[in-house]
Amino acid sequence: MNEQSRMPYIVRGVLALLLGIIVLFWPGLTVEVVAILFAVFILINGLLLVGLSLMKPSGESFGTAFLILGILLVIGGIFGVINPIMTAITLTILIAILAIISGFSDIWVALTVMDSGGIRLLLGLSGALSVILGGIFFIFPLLGAVILVAVYIGVFAIAIGILSIVQGIMTPKAASA
């Protein structure tokens, strides 16, 4: 391999590392940007559904359902763009509710369905952690949004950045001819 084949890994790694550092140092701003991007995504989906509903023959139930859902998504998308923090809070609360439900489900399975043993204990513990984390995110949703962004985006980007840089450095150089 030549020097050109190593460079994309290193450039990708440096960019990912910078992104991760920015996210960790400014997670609040990152939450706003992610919420706005999500809101724009919802808005575009709503517009597409409205357009799709207008192409269906009138009176068709799917066309009416698409129109209603599309209008609701457009309204939600506009609200999300105007108020990204509320969008982030709403998404975090939904994630919290899912974590709590999933956690109680894991605890229930560990207590009632599984045979005794280490797997049962681990499933019960992971369920309890999900309930605790979901509860914290539910009570403090903005903090939860910042934590989600910092951990999932920031730490992941830094890890990918480091791995890509190492991959670029370790890629063998072409033998001199």
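Guide: H2 and H4 are roughly perpendicular to each other, a term that covers angles of 65 to 115 degrees. Their axes cross at roughly 85° and come within 8 Å; axes are lines fitted to C-alpha atoms, for helices over the stretch in contact, and angles run from 0 to 180 degrees between N-to-C directions. This is a predicted model, in which local features need pLDDT of at least 70 and side-chain atom pairs count only at pLDDT 80 or more, while totals for chains, interfaces and linings use all residues. Residues are numbered from 1 along each chain as its sequence is written, and side-chain values use heavy atoms, with hydrogens and water left out.

Helices are DSSP runs (H or I, at least four residues), numbered from the N terminus. H4 comprises residues 84-112.

Contact means heavy atoms within 4.5 Å. Towards H2, the contact joins Pro84, Ile85, Thr87, Ala88 and Leu91 of H4 to Val31, Glu32, Ala35, Ile36 and Phe38 of H2. By class, these residues are eight nonpolar, one polar and one charged; Ala, Val, Leu, Ile, Met, Phe, Trp, Tyr, Cys and Pro count as nonpolar, Asp, Glu, Lys and Arg as charged, and the others, Gly among them, as polar.

H4 also packs on H6, at an angle of about 85° with the axes 8 Å apart. H4 and H6 are therefore roughly perpendicular as well. Here Ile85, Ala88, Ile89, Thr92, Ile93 and Ile95 of H4 meet Pro141, Leu142, Gly144, Ala145 and Leu148 of H6. This contact has nine nonpolar, two polar and no charged residues.

Thr92 is buried, with a relative accessible area of 2%; buried means under 20% relative accessible area (1.4 Å probe, protein chains only). Beyond its neighbours within four places in sequence, Thr92 is in contact with Phe137, Pro141, Gly144, Ala145 and Leu148. Other buried residues of H4 include Pro84, Ala88 and Gly103.

Ala88 also belongs to the largest nonpolar core, whose six residues are Val23, Val31, Ala35, Ala88, Ala145 and Val149. H2 and H6 each supply at least two residues of this core. Such a core is a set of buried Ala, Val, Leu, Ile, Met, Phe, Trp, Tyr and Cys residues joined through side-chain atoms within 4.5 Å. Val31 touches Ala88, Ala145, Val146 and Val149, residues up to four places away in sequence not being counted.

Technical notes. Buried means under 20% relative accessible area, exposed over 50%, partly exposed in between (1.4 Å probe, protein chains only). Angles under 35 degrees count as roughly parallel, over 145 as roughly antiparallel, 65 to 115 as roughly perpendicular and the rest as oblique.
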